[in-house]
Amino acid sequence: MKDVQKEIVPIVDEDLFIVLNHPDADFDYSVHFHPEYEINLVMNTYGERIVGDSVEPFNSLDLVMIGPNVAHKWCGKVVEGNHVITIQFSEQFMNLPILNKRLFAPVRKLLVDAQRGICFSQEAQLKLKDKIIELTRMQGFQTVLAFLSLLYELSISDRYTLISNRYDTKETVMSSKSRRIAKVCGYMEEHYADNISLSDVATLIGMSDSAFSHFFKSKTNTTFIDYLNNLRIAQACQLLTETNQTVAEICYGCGFNNMSNFIRMFKKKKQYTPNEYRNFMSQILLKY
């Protein structure tokens, strides 16, 4: 399978963020990823956009935010007057103490959602396009205020996630606001490949099986077993895309103990069998 390339971006530790302004972009880069967050505004062209396992057409105007290490590429037509503006900032931004303040809660949620790639509504694109363009002309401390304002505007805008092969426990922990849920989700993310039972996890936080089952469903809107299976399928997607491991190796390495059950569950959640999914992702990488 063709490799997804890791990009070295020009941001340094002293930068809060950087703005890359590309009039008449040539779109000649391959599918790539990097540890920085990225906001991409693409104007006056059309084509296809790849974000993770999402492949969608775009036309004239496109505004997307991508979290760390998400593979992506815009396959735009090189037409006169096209314009791409990219804003990048460190994954450590999420750890700034100010983001723990109540007023920044929508921004924190935005950063979590970006782990799965976010596409913004047409209304949001039209509203924020000029603000992003203006940011390319600004200098000094005013750029910081404009950047934070942009993040907030994005955080309250209509949007939808793009990637179906990512399952991040941070999103569940943030929405539940429960330390016990955080402990449980962290444990499951670390041990998804093991034979984890509901009893094991209930004991972890000192609850009976029945009480834990009700508690987990009330806090996450899903059952313990569905949550665990989603984690396992997400990891299987990553391995199918990024490694040459066999389907059997991936099945057992992700915590499933039955191949038929793994294939059936994978198809239910992804609409592809594991081999079909691998072929689909391989064709994307070979094409672009």
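Student: Is N44 buried, partly exposed or exposed?

Tutor: The model is a predicted one, so read each value as computed from its coordinates. Burial is judged from relative accessible area: under 20% is buried and over 50% is exposed, with partly exposed in between. N44 has a relative accessibility of 46%, so N44 counts as partly exposed. As for its place, N44 sits in strand β4.

Student: What is the phi of N44 near?

Tutor: The general idea comes first. Most residues other than glycine have a negative phi. N44 has a phi near 60°, which is positive although the residue is not glycine.

Student: Which value does phi take at F27?

Tutor: F27 has a positive phi of about 55°, and F27 is not a glycine either. F27 belongs to the loop between β2 (18-23) and β3. Its relative accessible area is 8%, so F27 is buried.

Student: Let us return to β4. Where is N40, and is N40 buried or exposed?

Tutor: N40 lies in strand β4, which covers residues 37-51. With a relative accessibility of 3%, N40 counts as buried.

Student: Which residues does N40 touch, leaving out those up to four places away in sequence?

Tutor: Here one looks for heavy atoms within 4.5 Å. N40 touches D62, L63, V64, W74, V84, I85 and T86. Take I85 as a case: N40 and I85 are 45 residues apart in sequence, yet their C-alpha atoms are 6.0 Å apart in space.

Student: What does the side chain of N40 do with T86?

Tutor: The side chains of N40 and T86 make a polar contact at 2.5 Å. T86 is in strand β7, residues 83-89. T86 has 8% relative accessibility, so T86 counts as buried. Beyond its neighbours within four places in sequence, T86 is in contact with I18, V19, L20, E38, I39 and N40.

Student: Which atom does the side chain of H32 reach?

Tutor: The side chain of H32 reaches a backbone atom, the oxygen of S30, at 2.9 Å. H32 is found in strand β3, residues 32-33. With a relative accessible area of 9%, H32 is buried.

Student: Now the helices. How do I read the packing of α2 and α3?

Tutor: Start with the distance between the axes and the angle at which they cross. For α2 (residues 122-135) and α3 (residues 141-155), the axes come within 10 Å and cross at roughly 160°. Angles over 145 degrees count as roughly antiparallel, so α2 is roughly antiparallel to α3. The crossing of α2 with α3 is left-handed.

Student: Which residues meet there?

Tutor: From α2 come K127, L128, K131, I132 and L135, and they meet T143, A146, F147, S149, L150, E153 and L154 of α3. By class, the residues of this contact are seven nonpolar, two polar and three charged.

Student: What is the angle between α5 and α8?

Tutor: Helix α5 (residues 179-191) and helix α8 (residues 224-242) pack at about 45°, and their axes are 10 Å apart. That angle makes α5 oblique to α8. α5 passes α8 in a right-handed crossing. C185, M188 and E189 in α5 meet F224, Y227, L228 and L231 in α8. The residues of that contact divide into six nonpolar, no polar and one charged.

Student: And at what angle does α5 pack with α7?

Tutor: The angle between α5 and α7 is about 95°, with the axes 11 Å apart. That makes α5 roughly perpendicular to α7. On the α5 side are R180, I181, V184 and M188, which meet F212, F215, F216, K219 and T220 in α7. The contact of α5 with α7 has six nonpolar, one polar and two charged residues.

Notes:
Residues numbered from 1 in each chain as written. Predicted model: local features only at pLDDT ≥ 70, side-chain atom pairs only at ≥ 80, totals over all residues. Heavy atoms only, no water. Axes fitted to C-alpha atoms, helices over the stretch in contact; angles between N-to-C directions. Helix = DSSP H or I, 4+ residues; strand = E, 2+ residues; numbered from the N terminus. Parallel < 35°, antiparallel > 145°, perpendicular 65-115°, else oblique. Left-handed = near helix turned anticlockwise from the far one by under 90°. Nonpolar A, V, L, I, M, F, W, Y, C, P; charged D, E, K, R; others polar. Buried < 20%, exposed > 50% of the residue type's maximum accessible area, 1.4 Å probe, protein only. Polar contact = N/O pair within 3.5 Å; in protein donor to acceptor, adjacent residues only side chain to side chain.
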